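This report describes side-chain interactions and nonpolar packing in one protein model. The sequence and structure are shown first, followed by the analysis.

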Amino acid sequence: MLINVSSFFRDAEAFVELRGQVVNPLIAEKNNNNPLRVWVPACATGEEAYSIAMLLLEELGAARKNCPIQLFASDIDPEAVRFAREGLYPESIATDVSEERLKRFFTKTDKSYQVTKQLREAVIFSVQNLITEPPFSRLDLVSCRNVLIYLEPDIQRRIITLFAFALRTGGYLFLGKSDGI
């Protein structure tokens with residue numbers, strides 16, 4: 001159950017689509033008083049959550065908007081959540097994160113990259129059992145990629161129903177290539 005396979009901007013083409021088809025429309029409809037609400041369940045060590053936070057911060061800046069980001073990232077594994085909160089990643093992330101993003105969102109240390117305060121403050125990490133604990137609500141986006149494939153069909157149906165409840169009308173569900181409904 002605890003499969004912590006993650007990387008920044010995993011499946012880069014999916015992130016290009018996410019930016020164009022989801023993030024840009026969400027930001028266009030928001031004003032500075034309405035927060036962008038996102039949930040990344042089964043976040044593992046945080047790379048996906050931080051990747052989405054980077055996209056949001058970049059596009060908010062491009063749109064010259066200042067709406068708050070409420071990005072919740074949860075996982076059942078307390079050690080993975082601790083790692084994600086710390087935001088300290090090996091130098092090898094440079095293969096997945098552009099030099100521009102490394103400069104903007106990370107501080108280089110001896111042999112690692114530390115997430116900047118701005119990026120770290122954009123994400124709230126918590127320990128949560130996706131199957132048994134209540135979801136966040138009134139969400140604009142839920143990103144649950146390549147998790148459903150590891151679950152039995154009846155649990156998949158329960159989780160999809162949970163996501164439908166958690167998303168606001170017109171919200172988006174971002175699944176992985178291997179996930180199906």
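## Basis of the description

A residue is called buried when its relative accessible area is under 20%, exposed when it is over 50%, and partly exposed in between (1.4 Å probe, protein chains only). The model is predicted: local features need pLDDT of at least 70, side-chain atom pairs count only at pLDDT 80 or more, and totals for chains, interfaces and linings use all residues. Residues are numbered from 1 along each chain as its sequence is written, and side-chain values use heavy atoms, with hydrogens and water left out.

Helices (H or I, at least four residues) and strands (E, at least two) are DSSP runs, numbered from the N terminus.

## Aromatic pairs

Rings of Phe, Tyr and Trp (its six-membered ring) form a pair if their centres lie within 6.5 Å; planes under 30 degrees apart count as stacked, over 60 as edge-to-face and the rest as tilted. By this rule there are 11 aromatic pairs. In one of them, phenylalanine 15 and phenylalanine 174 have ring centres 6.0 Å apart and planes at 85°, so the arrangement is edge-to-face. Phenylalanine 15 belongs to helix 1 and phenylalanine 174 to strand 8, so the pair ties together parts that are 159 residues apart in sequence. Phenylalanine 15 is buried at 3% relative accessibility, and phenylalanine 174 is buried at 11%.

Phenylalanine 83 and tyrosine 89 are also edge-to-face, because their ring centres are 5.5 Å apart and their planes stand at 75°. Phenylalanine 83 is partly exposed, with a relative accessible area of 28%, whereas tyrosine 89 is buried at 1%. Both rings belong to a cluster in which ring pairs link Phe8, Tyr50, Phe83, Tyr89, Phe106, Tyr113 and Phe125. Tyrosine 113 also has the charged end of lysine 108 over its ring, 5.2 Å from the centre; the criterion is NZ of Lys or CZ of Arg within 6 Å of the ring centre and within 35 degrees of the ring normal.

## Salt bridges

A salt bridge is counted when a side-chain nitrogen of Lys or Arg lies within 4 Å of a carboxyl oxygen of Asp or Glu. The structure holds 13 salt bridges. One of them joins arginine 19 to glutamate 59, with an N to O distance of 2.0 Å. Arginine 19 is in helix 1 (residues 12-29) and glutamate 59 is in helix 2 (residues 47-62), so this bridge ties together parts that are 40 residues apart in sequence. Arginine 19 is partly exposed at 21% relative accessible area, while glutamate 59 is buried at 14%. A network of salt bridges links Arg19, Glu58, Glu59 and Arg101.

Aspartate 140 and arginine 168 form another salt bridge, their closest N and O atoms being 2.4 Å apart. Aspartate 140 lies in strand 7 (residues 139-144) and arginine 168 in strand 8 (residues 167-175), so the pair ties together parts that are 28 residues apart in sequence. Aspartate 140 is buried at 1% relative accessible area, and arginine 168 is partly exposed at 25%. Within helix 4 (residues 99-105), lysine 103 and glutamate 99 are four residues apart, about one turn of the helix. Their closest N and O atoms are 3.4 Å apart in a salt bridge. Lysine 103 is exposed at 64%, as is glutamate 99 at 57%.

A nonpolar core is a set of buried Ala, Val, Leu, Ile, Met, Phe, Trp, Tyr and Cys residues joined through side-chain atoms within 4.5 Å. The largest has 42 residues, and Leu71 and Phe106 have the most contacts inside it. Elements giving two or more residues to this core include helix 1, strand 1, helix 3 (78-86) and strand 6 (123-127). Helix 2 gives the most, with nine residues. A second, separate core of 16 residues includes Phe72, Leu139, Ile159 and Leu167.

Helix 2 is mostly covered, with 14 of its 16 residues buried. Arginine 64, which follows helix 2, has a positive phi near 55°. Contact means heavy atoms within 4.5 Å. Leaving aside neighbours within four places in sequence, phenylalanine 106 has contacts that include Phe8, Met54, Tyr89 and Tyr113.
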